[in-house]
Amino acid sequence: MKKGADLKMMNRINLICLGVKDINRSLEFYKSLGFQTTANRGAPIVFFNNQGTKLELYPIKYLAQDINKNNPPVINQTEFSGITLACNMKSKEEVDLLMSHVQEVGGFIIKDPQSTEWGGYGGYFQDPDGYYWEVAYGASWEFDENDMLVID
């Protein structure tokens with residue numbers, strides 16, 4: 001790449017990979033939330049087909065080794081990493097329905113849906129591996145033809 005080259009090619013996220021302890025449990029959890037995949041139990045890696053990005057599940061010990069085989073990062077999921085994932089909904093009712101379903105299929109409600117400081121409505125849950133998800137609604141939000149949130 002020549003010096004000063006245009007780096008707009010980096011203006012996207014193609015995959016979000018979650019290192020998971022039990023890939024089969026996580027596969028079933030995310031499938032029960034509506035994530036689409038052709039993977040079945042026993043798959044070494046899972047890709048979910050989403051609108052805009054793909055969510056990937058990969059055993060956390062192999063993910064750490066992929067980063068550095070000789071000196072993998074320490075796996076410590078007891079502290080907050082500062083990263084959350086989010087699913088934006090089209091109504092308060094959708095937030096409540098999804099959060100109820102999350103709890104039914106093995107997720108953990110961390111913050112019950114409620115009015116937010118920014119004028120919206122939402123809450124947080126953790127998946128079986130402790131990843132935090134925000135589920136939120138904003139009355140002024142618009143979605144494009146692929147159900148992606150339009151943010152100016």
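Trainee: In the hairpin of β5 and β6, which residue takes a positive phi, and how many residues lie between the strands?

Mentor: The residue is G119, with a positive phi near 95°, and five residues lie between the two strands. This is a predicted model, in which local features need pLDDT of at least 70 and side-chain atom pairs count only at pLDDT 80 or more, while totals for chains, interfaces and linings use all residues. Residues are numbered from 1 along each chain as its sequence is written, and side-chain values use heavy atoms, with hydrogens and water left out.

Trainee: How many bridges join β5 to β6?

Mentor: Some terms come before the count. Strands (E, at least two residues) and helices (H or I, at least four) are DSSP runs numbered from the N terminus, and two strands pair if DSSP finds at least two bridges between them. Here β5, residues 108-115, runs antiparallel to β6 and is joined to it by five bridges. I109 is partnered by F125 of β6, and K111 by Y124 of β6.

Trainee: Which residue of β7 is the bridge partner of F125?

Mentor: F125 has W133 as its bridge partner in β7. Strand β7 covers residues 132-137 and runs antiparallel to β6, with six bridges between them. The hairpin of β6 and β7 also has five residues between its strands, and there G130 takes a positive phi near 95°.

Trainee: What is the order of the strands in the open sheet?

Mentor: The four strands are ordered β4-β7-β6-β5, with mixed pairing. Strands β4 and β5 are the edges, each pairing on one side only. On average, neighbouring strands are turned by 15° against each other, direction ignored. For such angles, axes are lines fitted to C-alpha atoms, for helices over the stretch in contact, and the angle between N-to-C directions runs from 0 to 180 degrees.

Trainee: How many salt bridges does a search of the whole structure find?

Mentor: A salt bridge is a side-chain nitrogen of Lys or Arg within 4 Å of a carboxyl oxygen of Asp or Glu. The search finds two. One joins D129 to R25, with the closest N and O atoms 3.5 Å apart. D129 is in the loop between β6 and β7, and R25 is in helix α1 (residues 23-32), so this pair ties together parts 104 residues apart in sequence. D129 is buried at 4% relative accessible area, whereas R25 is partly exposed at 36%.

Trainee: Which side chain meets that of D147 in a salt bridge?

Mentor: The partner is K90, at 2.5 Å from N to O. D147 sits in the loop between β8 (142-143) and β9 (149-150), and K90 in the loop between β4 (85-89) and α3 (92-104), so the pair ties together parts 57 residues apart in sequence. D147 is partly exposed at 38% relative accessibility, and K90 is partly exposed at 44%.

Note on methods. Buried means under 20% relative accessible area, exposed over 50%, partly exposed in between (1.4 Å probe, protein chains only).
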